[in-house]
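Subject: Structure handover

Hello,

Here is the structure I promised to pass on. My notes follow it.

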Amino acid sequence: MIKVSKLSKIYKVGEVETIALSDVSFKIKKGEFVAIMGPSGSGKSTLMHILGALDLPTKGNYILDGESVLNLNEDQLADIRNQKIGFIFQSYNLLPRTTTIQNVMLPMSYAGIPKEKRLETAKKLLEMVGLGNRLNHASNQLSGGQQQRVAIARALVMNPSILLADEPTGNIASVQADEIMKIFEDLNKQGHTIIMITHEKDIANHAKRIIHIKDGKIEKDEKN
Amino acid sequence: MQDLLETIIESFRILTHNKMRTGLAILGIIIGIGSVITLISLGQGSQKSIEDQIQSLGSNLLTVSPSRQSSGGIMGQFGGGTSLVLADAKAIEEKLTKTTVNKVSPEYSSRSQVIAGRNNTNVSVVGIYPQYSEIKKITMEKGVFISKQDVNLMAKVAVLGPTTAVDLFEEINPIGKTIKIGTQTLRVIGVTKSKGGSGFNNPDDMVYVPLTTAQKQIFGKNNLTSISVEAKSKEVMVQAQDEIGYLLLDQHKLNGPADADFIIMSQSDLLNTVSQVTGTLTALLGGIAAISLLVGGIGIMNIMLVTVTERTREIGLRKALGAKKKTIITQFLIESILLTFTGGVFGMFFGLVTSFLISKIMNLTYVISFSSIALAIGVSSLIGIIFGLYPARKAANLQPIEALRYE
């Protein structure tokens, strides 16, 4: 499903070149739950951005669902992000002063899905993450864990090929973090492909496979 | 369509979050649109007032007057010519009423001292035919106007303008009383209704007498000082002017227009001149007001740029969730159009009310022009697009990854 070969990303600030990723190659199959682990500055965030079609690599190839992502224009990349990737951010990134259901419906409105269908799908997913009674709460009135669950519902709403989670529990108290990880495990059991970035061993241990990254290179790729 | 409506509703919600800022941004547009509408409306109102005043003197009116006359190489005084005679008026009436001319009124007018008892005044004494009242739209306050019979019989009767009537008779009803002009004693048979004019040729300050009486008995002259001609319609004014010109050249046995001993002035000449002046004035005032509109537009641009910066993370998120450039541009353009459009609507009411009050105070005709309303709606939306486009494009061109990282 995902095939990454010889991926490199080099940032250039003036004369100074920083290598964020160098020659990274791996494959991820449908239904896998992969954690990408590494200390800060290891290049794991850069990798995540490239996998999420938010950023393009300097060199190498990235094939998602049999399609090379590198030759696409901006609008096509927007469609990939909209339909094939579900993002879950460390800081949730919900629209403030906007109800939870509206937040969840947002990706669907970019896809031009009619309103009735949007409401129905969003409601169903919010019920699934246990927020069926919080549909019309403003997102900034919710706790961190609740906000992240709204973000998960939002990520699932377009039924994407992969879920990309960037430190999903980084801002959440540990009790709630366990709830979030439980949701991820359930989603994976239902067949969702999940790629999660973290620097915490405890969190990474929920995944079935762990890719260790250090200094822009894959250090270790192990089954868990 | 549904999506657009939703975007508009969402933009409205976003704009109401920061009421103070939104209100101030709109205020700039309100003042801009309001002042443009007020000044244009006042300009058009004063133009209308002046035109109405000119029109009230009679519509489709041509005035034939004698011009300077040369006799034996000596140029006569302007307007002092004696070239026009009653036969000229008769000729116009006989030959041109079939084509372009409606009514012809020969006139002899001269200023004279008029005495009634112990009061006296210096006014224009105008010898006329009855059709004068129709051409010049004169209506009666009291009594009757000069009749055909009065002219035929050289009757010693007079009709007074309302100002003259007050000057001579104060509160007393002048009908049946007598006035003296020169050596002649005339009986007052009517007073005309006020037309609200002013100045040298004020129709309210005149004494009307039968033409024959004026020519033969009061002033002892045979010529006319002017012939007023009413054309059949506005469209044939120019044609009528030409026809009268050639007819009179023929009557006076002159070779060509260069020799003419008369001039023909049309009311539309006067109207055009006045319209041109007031039109320029209106445009000038509107232009000054448009500067404030421009300043308002810059205010909108400023606010939108601040908004884009503040919402960088939100834009990044929207892009990460699949918003295309077009979607982002539309969203921010709608926000800025909503600001200016709202300003435009309020500005329109503000402008209409202000111009209504000012025209009441200044006694001008109140004109609501459709163009003002179109201007408010159209120009304000256009300003939203013009001044919103740059901030919207700036938002749409943000790289998602950098926008998401923005603190």
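Lys6(A) counts as partly exposed, because 13 C-beta neighbours lie inside 10 Å. The cut-offs: a residue is buried if 20 or more other C-beta atoms lie within 10 Å of its own, exposed if 12 or fewer, and partly exposed in between, with C-beta atoms placed from the backbone. This is a predicted model: local features need pLDDT of at least 70, side-chain atom pairs count only at pLDDT 80 or more, and totals for chains, interfaces and linings use all residues. Residues are numbered from 1 along each chain as its sequence is written, while chains are lettered from A and ligands numbered from 1 in the order in which they are written.

Lys6(A) sits in strand β1 (residues 2-13) of chain A. Helices (H or I, at least four residues) and strands (E, at least two) are DSSP runs, numbered from the N terminus. Leaving out residues up to four places away in sequence, Lys6(A) touches Asp23(A), Ser25(A), Lys59(A), Gly60(A) and Asn61(A). Contact means that the C-beta atoms of two residues, placed from the backbone, lie within 7 Å. Asn61(A) is 55 residues from Lys6(A) along the chain, yet their C-alpha atoms are separated by 6.7 Å.

The sheet around β1

β1 belongs to an open sheet of four strands in chain A, in the order β2-β1-β4-β5, with antiparallel pairing. Two strands pair if DSSP finds at least two bridges between them. β2 (16-28) and β5 (67-68) of chain A are the edge strands, and each pairs on one side only. Two bridges join β4(A) to β5(A). There, Leu64(A) stands opposite Glu67(A). Helix α1 (residues 44-51) of chain A lies across β1, β2 and β4, at about 60 degrees to β2(A). Angles run from 0 to 180 degrees between N-to-C directions, and axes are lines fitted to C-alpha atoms, for helices over the stretch in contact.

Six strands form another open sheet, in the order β6-β7-β8-β3-β9-β10, with mixed pairing. β6 and β10 (217-223) of chain A stand at the edges with a single partner strand each, so one side of each has no neighbour in the sheet. On average, neighbouring strands here are turned by 20 degrees against each other, direction ignored.

Which way do the residues of β6(A) point? Ile85(A) and Phe87(A) point one way, Gly86(A) and Ile88(A) the other, and all are buried. In a regular strand the side chains alternate between the two faces of the sheet.

Four bridges join β6(A) to β7 (residues 162-166) of chain A, and the two run parallel. Ile88(A) has Ala165(A) as its bridge partner in β7(A). β7(A) is also parallel to β8 (residues 193-198) of chain A, through five bridges. In β8(A), Met196(A) is the bridge partner of Ala165(A).

Where the chains meet

Helix α2 (residues 74-83) of chain A has these buried residues: Leu77(A), Ala78(A), Ile80(A), Arg81(A) and Asn82(A). Their cover includes β4 (59-64), β6 and α3 (100-110) of chain A, together with α10 of chain B.

In total, 16 residues of chain B are in contact with 19 residues of chain A. On the chain B side, α1 (2-17), α10 (312-320), α11 and α13 (400-405) give two or more residues each. That side divides into six nonpolar, four polar and six charged residues. Ala, Val, Leu, Ile, Met, Phe, Trp, Tyr, Cys and Pro count as nonpolar, Asp, Glu, Lys and Arg as charged, and the others, Gly among them, as polar.

Helices of chain B

Helix α11 (residues 325-361) and helix α12 (residues 370-396) of chain B pack at about 150 degrees, with axes 7 Å apart. That makes α11(B) roughly antiparallel to α12(B). Angles under 35 degrees count as roughly parallel, over 145 as roughly antiparallel, 65 to 115 as roughly perpendicular and the rest as oblique. The residues of this contact of α11(B) with α12(B) divide into 20 nonpolar, eleven polar and two charged.

Helix α3 (residues 86-96) and helix α8 (residues 237-251) of chain B pack at about 130 degrees, with axes 10 Å apart. That makes α3(B) oblique to α8(B).

Finally, Asn272(B) lies in helix α9 (residues 267-310) of chain B. Asn272(B) is exposed, with 12 other C-beta atoms within 10 Å.

Best wishes
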